[in-house]
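Keep the structure open as you read.

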Amino acid sequence: MDATDTEQNLLEIRHLNKAFWKRGRSVQALKNITLNIRAGECVGMVGQSGSGKSTLARLLCRIYEPDEGKVLFQGQDAFAVKSRDYYRQVQMVFQDPLASCPPRMRVERFLLEPFRNFRLLAGRNPRELARELLARVHLGEELLPRYPGQLSGGQMQRVVFARATGLSPRLLICDEATSALDTTIQAQVVALLQELRRQIGFACLFITHDLALAESLCDTIYVMADGAIAERLSSGNMAAEAKAPATLSLLAACRSFSDLGAFTSSRGCT
Ligand SMILES: Nc1ncnc2c1ncn2[C@@H]1O[C@H](COP(=O)(O)OP(=O)(O)OP(=O)(O)O)[C@@H](O)[C@H]1O
């Protein structure tokens, strides 16, 4: 990553709207969402259940198309870029690692699949590459012949991170990627994500309902409420900036005093 990259917007989201039909009526899942993600930046998207976070993630993964608005990736319409080129640079990690991998696919094949799809295995020793990918997420080669169901949730999510970052994407979208893990394992996976970001330099959109987690990880945090951005906060300065009711109610739900330190105590969160 060069210095000019960090100045640029990698992703520009402009006035995105998306509605669904639900039980005979239209639900506006995204309302006029506008934000930027710079190269290498970690942006948090926080909000209560139903606020529209996953709809945004799915839209950025091109699972949905917007009703209105634009997404520019490296200055180009993200929905017009060939999907192959897009997924070479934008990768995703979802909440359930087991859902990411077919149950009868061994870890080795799962890890190497992107390299096969993009024909990047020529002249390489696949076993050696799979070992390297696992080592990057601090797992041993004994997992290579196993099926997903033979790994713990934390191990499997590490494997998913190894695969998603194997081709050095420019943007990683994490939708509640650590939410299904218990607290200790979650902390380890978050530390791993930070390590991978340092090594590879990708930008990250980290979607979570956990404000404390977002603060520990992200440079900038957007709080979503009812499909819209309620406010934008700078990590490290949230105490001074937080005003929106949606942010305050997320704080009220925070797990413990120590999670947000001075911030929570200044807000009287118990
Ligand atoms: N495929 C769909 N069909 C109909 N309605 C949908 C669909 N996907 C999302 N919605 C609705 O859009 C709104 C936003 O949902 P979304 O899943 O994006 O929220 P969220 O913040 O990710 O919630 P959670 O944290 O519970 O996943 C909700 O009212 C939801 O019911």
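**Questions on a predicted model**

Q: Is Ser 168 buried, exposed or partly exposed?
A: This is a predicted model. Ser 168 has 13 other C-beta atoms within 10 Å. A residue needs 20 or more to be buried, and 12 or fewer to be exposed. Ser 168 therefore counts as partly exposed.

Q: Where is Ser 168, and what is its phi?
A: Ser 168 sits in the loop between helix 7 and strand 7. Most residues other than glycine have a negative phi. Ser 168 is not a glycine, yet its phi is positive, about 50°.

Q: Which loop holds His 138, a residue with a positive phi?
A: His 138 is not a glycine, and its phi is about 60°. His 138 has 13 C-beta neighbours inside 10 Å, so it counts as partly exposed. Its place is the loop between helix 6 and helix 7.

Q: How many residues of helix 7 are buried?
A: Helix 7 covers residues 153–165. Its buried residues include Gly 154, Met 156, Val 160 and Phe 161. Among the elements that cover them are strand 6, helix 4 and helix 8. Helix 7 is largely enclosed by the rest of the structure, because the buried count is 12 of the 13 residues.

Q: What distance does helix 7 reach from its first C-alpha to its last?
A: Helix 7 has 13 residues. At 1.5 Å a residue, 18 Å is expected. The model comes close to that, with a reach of 18 Å.

Q: At what angle do the axes of helix 5 and helix 6 cross?
A: Two packed helices are described by the angle between their axes and the distance between the axes. The axes of helix 5 and helix 6 come within 10 Å. The two helices are roughly perpendicular to each other. The crossing angle is roughly 105°.

Q: How many nonpolar residues are in the contact of helix 5 with helix 6?
A: Helix 5 brings Glu 108, Leu 111, Leu 112 and Phe 115. Helix 6 brings Pro 126, Leu 129, Ala 130 and Leu 133. By class, the contact has 1 charged residue, no polar ones, and a nonpolar count of 7.

Q: Which helix supplies the largest share of the shell around the ligand?
A: The ligand is surrounded by 13 residues, and Phe 20, Ala 29, Ser 49, Ser 54 and Thr 55 are the closest. The shell divides into 3 nonpolar, 8 polar and 2 charged residues. The largest share, 3 residues, comes from helix 2.

Q: Which residue with a positive phi follows helix 2?
A: Helix 2 is mostly covered, with 6 of its 8 residues buried. Among the buried ones are Lys 53, Thr 55 and Leu 60. Next comes a residue with phi near 65°, and that is Arg 62.

Q: What separates the C-alpha atoms of Arg 14 and Gly 69?
A: Arg 14 is in strand 1. Beyond its neighbours up to four places away in sequence, Arg 14 touches Thr 34, Gly 69 and Lys 70. Arg 14 and Gly 69 are 55 residues apart along the chain. Their C-alpha atoms are separated by 5.5 Å.

Q: Is Cys 204 buried or exposed?
A: Cys 204 lies in strand 8. Leaving aside residues within four places in sequence, its contacts are Cys 42, Leu 172, Cys 174 and Arg 197. Cys 204 has 25 C-beta neighbours inside 10 Å, so it counts as buried.

Key:
Residues are numbered from 1 along each chain as its sequence is written. This is a predicted model: local features need pLDDT of at least 70, side-chain atom pairs count only at pLDDT 80 or more; totals for chains, interfaces and linings use all residues. A residue is near a molecule or strand if its C-beta atom, placed from the backbone, lies within 6 Å of it. Helices (H or I, at least four residues) and strands (E, at least two) are DSSP runs, numbered from the N terminus. Ala, Val, Leu, Ile, Met, Phe, Trp, Tyr, Cys and Pro count as nonpolar, Asp, Glu, Lys and Arg as charged, and the others, Gly among them, as polar. Axes are lines fitted to C-alpha atoms, for helices over the stretch in contact, and angles run from 0 to 180 degrees between N-to-C directions. Angles under 35 degrees count as roughly parallel, over 145 as roughly antiparallel, 65 to 115 as roughly perpendicular and the rest as oblique. Two residues are in contact if their C-beta atoms, placed from the backbone, lie within 7 Å. The expected span of a helix is 1.5 Å times one less than its number of residues.
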